[in-house]
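User: I'm new to reading protein structures, and I'd like to know where the labels come from. Can we go through a few?

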Amino acid sequence: MLLHSPPYLFTSKVFRVLIIGFLLITVSMQYYNHHKPKFNCVEIMPTHVNDPQTEDGDRQSVPPCPTISPKLIGWTNLSAETMSSILEEDENVVDLRMKEAGLEAGGKYEPKECRSHQRVAIIVPVRDRKEHLTVFLRYMHPFLQRKQMSYVIIVVEQSEHLPFNRGMLMNIGFKEVQLFEEKYQCLILHDVDMLPEHDGNPYACPEEGRPRQMAFSMNYFKNYTPVGEGFFGAVTAISTADFQRINGFSNSFWGWGGEDENLYHRVIAQKLTVVRPFDGQPLHSVRYMMQSHKRAVPSPGRFDVMKGGRSGFQADGLVNLKYQKLDYQLKPLCTHVLVDLQPSNTSAT
C-alpha cells in the first residue's frame, strides 16, 4: 500500500527548493561581479588623437609646457657671415643633428620634455629660392624648438610655367595641412626670406577672431620702421577656423603684390581684428631680417584684381582652388609639395 504525503508537505518542499535556488544564483552573481575583468571607460572610449592634450596615456603623464620657455636665448645676430655659415654646413651633418633633436620626417616636431598647448602649421610658398629655403629651414627649426612648440613646416613649391601665385600656394598649404593625421589649430603664413631675430617673438596661435601681423619691424625698411596699420603680409598668424571663414587667399593674383592687401580686406570684411606686436610686445623682440634678393617686378594687373575682389571673396579662394600635385615628399626638414597651378576663372598674366 502506497503512502501519500499530505499536500501541505509537498508545497513546503517546493518552496524550500526555490529559496535554495535563488540563494545559489545570488551568490554566483556576486562572485562573478567581484572577479570579472574591470574596464575603465576612459580607456575604451576613443580619444581625440588630434588634440595635443589627449593623445595617449604616455603623453598625459608629461607636464604641460610653460608659457615662456626656459630655453630662449634672445637675439641672434643674423649677419651675412652667420647666414653664409648656415648655408655652407654639410647637409648630412645638419639632418643628423636635427634628427637627434627630435625632428621627425616631414619637418614635424613635438617637445619630449613637455606637452605643448597647441599645434602650429608653418606654410612657406616658394619658387626658385633654394638657398633662401636652406637657410630658412636650418635656422627656423632650432628657433622653434627653443620655444617648446609642436609644429610642422610645409613648403609648397610652384612649378615653372605660370607666374608666381603666392595666395594659391598658401591655400594649397592649408588644404594639405588638413590631410595630416594631427590637427593644427593655426597657420603661420611665412615668406621664405623672412627670419625672426629674437626667439621671444610669439609664434603661438592667435586667438580666434584676432589674426596677428607678425612681421611688424623689418630691416627692409630704414631703421626697422614699423609697417603701417593696413599691412598684413610677409609673416602672419591666423587660426584655421578664421582662415576658412575668410575663404583663404584670393587665387587671382598672378605675379608680385596685391594678395596680402586683399587678404587684409577679407579679414576686415569678416569683422576680425588684426592684432599687432606693439600691443604689449617689446619692439626689439619682433624684428625680422630679410634675406637679400633681387626685388620682383610688381604685377601691373594687381590693382584691377584688387578693385573687383573686395566684395566677391566668397567665390574666390579655397572654394575654387584647383591644382595638381606633381610631387610629395616627407623630407628631413619639411613636408615638400610640388604643385602645378590651374587657374579657375582668372587669366594668368
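Analyst: Let's start with a pair of residues: Met218 has Tyr288 in β9 as its bridge partner. Keep in mind that this is a predicted model.

User: What makes β7 and β9 a strand pair?

Analyst: Two strands pair if there are at least two bridges between them. β7 and β9 are joined by 2 bridges, so they pair. The two strands run parallel.

User: Which sheet are they in, and what is the strand order?

Analyst: It's an open sheet of 3 strands in the order β5-β9-β7, with mixed pairing.

User: Why are β5 and β7 called edges?

Analyst: β5 (194–196) and β7 each have a single partner strand, so one side of each has no neighbour in the sheet.

User: How do you know how α4 is oriented relative to α6?

Analyst: Two packed helices are described by the angle between their axes and the distance between the axes. For α4 (residues 80–88) and α6, the angle is about 95° and the axes are 9 Å apart. Angles of 65 to 115 degrees count as roughly perpendicular, so α4 is roughly perpendicular to α6.

User: Which residues meet there?

Analyst: On the α4 side you'll find Met83, Ile86, Leu87 and Glu88, and they meet Glu131, Thr134, Val135, Arg138 and Tyr139 in α6. That contact divides into 5 nonpolar, 1 polar and 3 charged residues.

User: What does Ile153 touch?

Analyst: Setting aside neighbours within four places in sequence, the contacts of Ile153 include Phe136, Leu137, Met140 and Leu144, along with Ile122, Val124 and Leu333.

User: Why is Asn223 called exposed?

Analyst: The cut-off for exposed is over 50% relative accessible area. Asn223 has 66%, so it counts as exposed. Asn223 sits in the loop between β7 (217–218) and β8 (235–239).

User: And what about Lys271, buried or exposed?

Analyst: Exposed: the relative accessibility of Lys271 is 75%, and its loop runs between α9 (259–269) and β9 (287–290).

User: What makes the backbone at these two residues stand out?

Analyst: Most residues other than glycine have a negative phi. Asn223 isn't a glycine, yet its phi is positive, about 55°. Lys271 isn't a glycine either, and its phi is positive at about 60°.

Note on methods. Residues are numbered from 1 along each chain as its sequence is written. This is a predicted model: local features need pLDDT of at least 70, side-chain atom pairs count only at pLDDT 80 or more; totals for chains, interfaces and linings use all residues. Side-chain values use heavy atoms; hydrogens and water are left out. Helices (H or I, at least four residues) and strands (E, at least two) are DSSP runs, numbered from the N terminus. Buried means under 20% relative accessible area, exposed over 50%, partly exposed in between (1.4 Å probe, protein chains only). Contact means heavy atoms within 4.5 Å. Axes are lines fitted to C-alpha atoms, for helices over the stretch in contact, and angles run from 0 to 180 degrees between N-to-C directions. Angles under 35 degrees count as roughly parallel, over 145 as roughly antiparallel, 65 to 115 as roughly perpendicular and the rest as oblique. Ala, Val, Leu, Ile, Met, Phe, Trp, Tyr, Cys and Pro count as nonpolar, Asp, Glu, Lys and Arg as charged, and the others, Gly among them, as polar.
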